Amino acid sequence: MSAQASADPLLAVRGVKSFYGAVMALKGVDVEVHEGEIVTLIGANGAGKSTLMMTIFGKPRAREGRIVFAGRDITDLPTHEIARLRIAQSPEGRRIFPRMTVLENLQMGAVVNPAGDIAADLDRVFALFPRLAERRDQRGGTLSGGEQQMLAIARALMGRPRLLMLDEPSLGLAPLIAQQIFDIVRELNTRDRITVFLVEQNAFHALKLAHRGYVMVNGKITLTGTGAELLKRQEVQAAYLEGGRH
C-alpha cells in the first residue's frame with residue numbers, strides 16, 4: 001500500500017450521523033481513506049452505504065460529526081464547492097445525461113476543473129475507455145448498461161479528482177463487464193495514483209480489489225481490516241460471499 005497508516009488521511013469521516021426526516025440513517029460512522037488507497041465499503045441493501053457517499057457530498061447534510069478532506073473541514077460546505085476540491089462521484093444508477101452525447105456528458109464533467117486541459121483529459125478517458133471514443137457522438141441514453149457505467153466513471157475523471165468515489169459500479173452488469181470495470185478501477189489506482197472510495201455489493205470482487213475495507217450494518221461500521229483479512233472473516237463470508245465468486 002502506498003499510503004502510510006500514520007499519515008493524515010485524505011478523507012476522514014468522524015462520528016457522522018445523518019438523517020432522512022426523523023430516521024437516523026448513519027449512526028456515528030468513522031471511516032478513513034488515505035492517499036493512494038482503494039478502500040471499499042460493503043453491506044446489505046439499506047445498510048447506509050450510499051447515504052454515506054451522499055453525506056460526504058453534503059446531501060443529506062451530516063447533523064453530527066465531521067468530514068475532513070485534505071485537512072479541510074468540508075462538513076458544512078455546499079455540494080458544488082466540495083466538487084471543486086477535486087472529489088468526484090460516480091453515483092449509484094449512473095445518472096448520466098441521457099439526451100446528451102457521450103462527448104457532451106464528458107464536457108459536463110470538466111466543469112468543476114476550469115483550469116484543466118479538456119482536450120488532454122478527453123484523450124486520457126478515451127484511451128481508458130475505447131468504447132466511449134467509438135460512441136462519442138451517440139446519445140448517452142442509447143448506450144448499454146456497461147457503457148453507461150463507463151461514461152459515468154469517465155465523466156467523474158474529467159475533473160482530475162484526487163478522490164474518486166464510486167457507488168455500486170457493477171450493479172446490474174453482466175459478470176464479464178463488471179470485471180472490466182473493476183480492472184479499470186485497479187488501473188486508475190496503480191497507474192494514475194487516483195485514490196478510490198468504493199461502495200459495492202459485489203463483496204468478493206470489491207475486497208479483492210481493496211487495500212482496506214469496512215463493513216456497514218444498519219448505519220454503523222461493524223468490521224474493518226485489509227481486503228484480504230475481511231475476505232477471510234467467517235461472518236463476512238456467511239453474510240456477503242455466498243455465491244458471490246463470479
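Two strands count as paired if DSSP finds at least two bridges between them. Keep that in mind for this predicted model, starting with Asp167, which stands opposite Val199 in strand β8.

**Strand β8 and its partners**
- β8 covers residues 195–199 and pairs with β7 (residues 163–167) in the parallel sense, over five bridges.
- To get from β7 to β8, the chain passes through helix α7 (residues 175–192), and this β-α-β crossover is right-handed.
- β8 also runs parallel to β3 (residues 38–42), with four bridges joining the two.

**Which way the side chains go**
- In a regular strand, side chains alternate between the two faces of the sheet.
- Here, Thr195, Phe197 and Val199 point one way from β8, while Val196 and Leu198 point the other way.
- Are these residues buried or exposed? All are buried, and β8 as a whole is mostly covered, with five of its five residues buried.

**The open sheet**
- Four strands make up an open sheet in the order β2-β1-β4-β5, with antiparallel pairing.
- β2 (23–33) and β5 (72–73) stand at the edges with a single partner strand each, so one side of each has no neighbour in the sheet.
- β1 (residues 11–20) and β4 (residues 64–69) pair over five bridges in the antiparallel sense, and Val13 stands opposite Ile67 in β4.
- Helix α1 (residues 49–56) packs on this sheet and touches β1, β2 and β4. Its direction makes about 110° with that of β1.

How values were computed:
Residues are numbered from 1 along each chain as its sequence is written. This is a predicted model: local features need pLDDT of at least 70, side-chain atom pairs count only at pLDDT 80 or more; totals for chains, interfaces and linings use all residues. Side-chain values use heavy atoms; hydrogens and water are left out. Buried means under 20% relative accessible area, exposed over 50%, partly exposed in between (1.4 Å probe, protein chains only). A crossover is right-handed if, with the strands pointing away from the viewer, the path from the first strand over the helix to the second runs clockwise. Contact means heavy atoms within 4.5 Å. Axes are lines fitted to C-alpha atoms, for helices over the stretch in contact, and angles run from 0 to 180 degrees between N-to-C directions.
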